[in-house]
Amino acid sequence: QCAKGLSVLQETYSDLMALAHANLTQLELVKNQLSSLEFNRCQFVIEEQQRVLAAKSALESSDMNRLGELLFTSHQGLKALYEVSCTELDFLVDQAKAHQYVLGARMMGGGFGGCTINLIHKDHVGVFISEVNQQFESKFGHTPTAIEIALCNGTGFVENH
């Protein structure tokens, strides 16, 4: 569907090398040449590329609130436009939205049942996991696996001694 969208876009914008390099105005101009499904998929990819760049900016300026908003928006796109979420993941993201100390959440991983990533204030991680595990088990009959991580400075070289 994305390949079709790129192909249609390239008929008008021959220098366009990737769908992620297109913008929504360009996509809107070729909308009538795409099915609604193809349009939605392309819209998600284009918007997600914009979100990635905005997330980079948010991280560089330590704007965790903005990063959280982008995570929530990304999940909505994955759910509604790309259609790769599922009931369980949507439930987890909705639970995250209900807590002020959770800045953002979205599905990640394999899709169709992968996992969510949550941006949670460090003082509330345990409470969030406990509450969500109870609510999830009550609704779905089993407990999700929570994996806590600590942020670091990213990748780098490690000296072998």
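1. In this note a residue is called buried when its relative accessible area is under 20%, exposed when over 50%, and partly exposed in between (1.4 Å probe, protein chains only). E83 is partly exposed, because its relative accessible area is 41%. E83 is found in the loop between α4 and α5, and its phi is near 55 degrees, a positive value in a residue other than glycine.

2. The model is predicted, so that local features need pLDDT of at least 70 and side-chain atom pairs count only at pLDDT 80 or more, while totals for chains, interfaces and linings use all residues. Residues are numbered from 1 along each chain as its sequence is written, and side-chain values use heavy atoms, with hydrogens and water left out.

3. The secondary structure comes to 6 helices and 2 strands; helices (H or I, at least four residues) and strands (E, at least two) are DSSP runs, numbered from the N terminus. From the N terminus on, the elements run α-α-α-α-α-β-β-α. The C-alpha trace spans about 50 × 50 × 30 Å along its principal axes. Of the 161 residues in the protein, 39% are buried.

4. Helix α3 (residues 36-60) has 25 residues and reaches 36 Å from its first C-alpha to its last, close to the 36 Å expected at 1.5 Å a residue. The expected span is 1.5 Å times one less than the number of residues. After α3 comes S62, which is found in the loop between α3 and α4. The phi of S62 is near 55 degrees, again a positive value in a residue other than glycine. S62 counts as exposed because its relative accessible area is 57%.

5. How do α5 and α6 pack, and at what angle? Helix α6 covers residues 125-140, and the two helices pack at about 140 degrees with their axes 11 Å apart. Axes are lines fitted to C-alpha atoms, for helices over the stretch in contact, and angles run from 0 to 180 degrees between N-to-C directions. Contact means heavy atoms within 4.5 Å. On the α5 side the residues that meet α6 are T87, E88, F91, L92, Q95 and A96, and their partners in α6 are F128, V132, Q135, F136, K139 and F140. By class, this contact has 7 nonpolar, 3 polar and 2 charged residues. Here Ala, Val, Leu, Ile, Met, Phe, Trp, Tyr, Cys and Pro count as nonpolar, Asp, Glu, Lys and Arg as charged, and the others, Gly among them, as polar.

6. A nonpolar core is a set of buried Ala, Val, Leu, Ile, Met, Phe, Trp, Tyr and Cys residues joined through side-chain atoms within 4.5 Å. The largest such core has 18 residues, of which L92, A96 and F128 touch the most other members. At least two residues of this core come from each of α4 (64-80), α5, β1 and α6, and α5 gives the most, with 5 residues. A second, separate core of 13 residues includes V8, L16, L19 and A22.

7. Two loop residues complete the picture. H99 lies between α5 (87-97) and β1 (102-108), and H99 counts as buried because its relative accessibility is 12%. Leaving aside neighbours within four places in sequence, H99 is in contact with F128 and E131. A20 has its place in the loop between α1 (2-12) and α2 (24-29).
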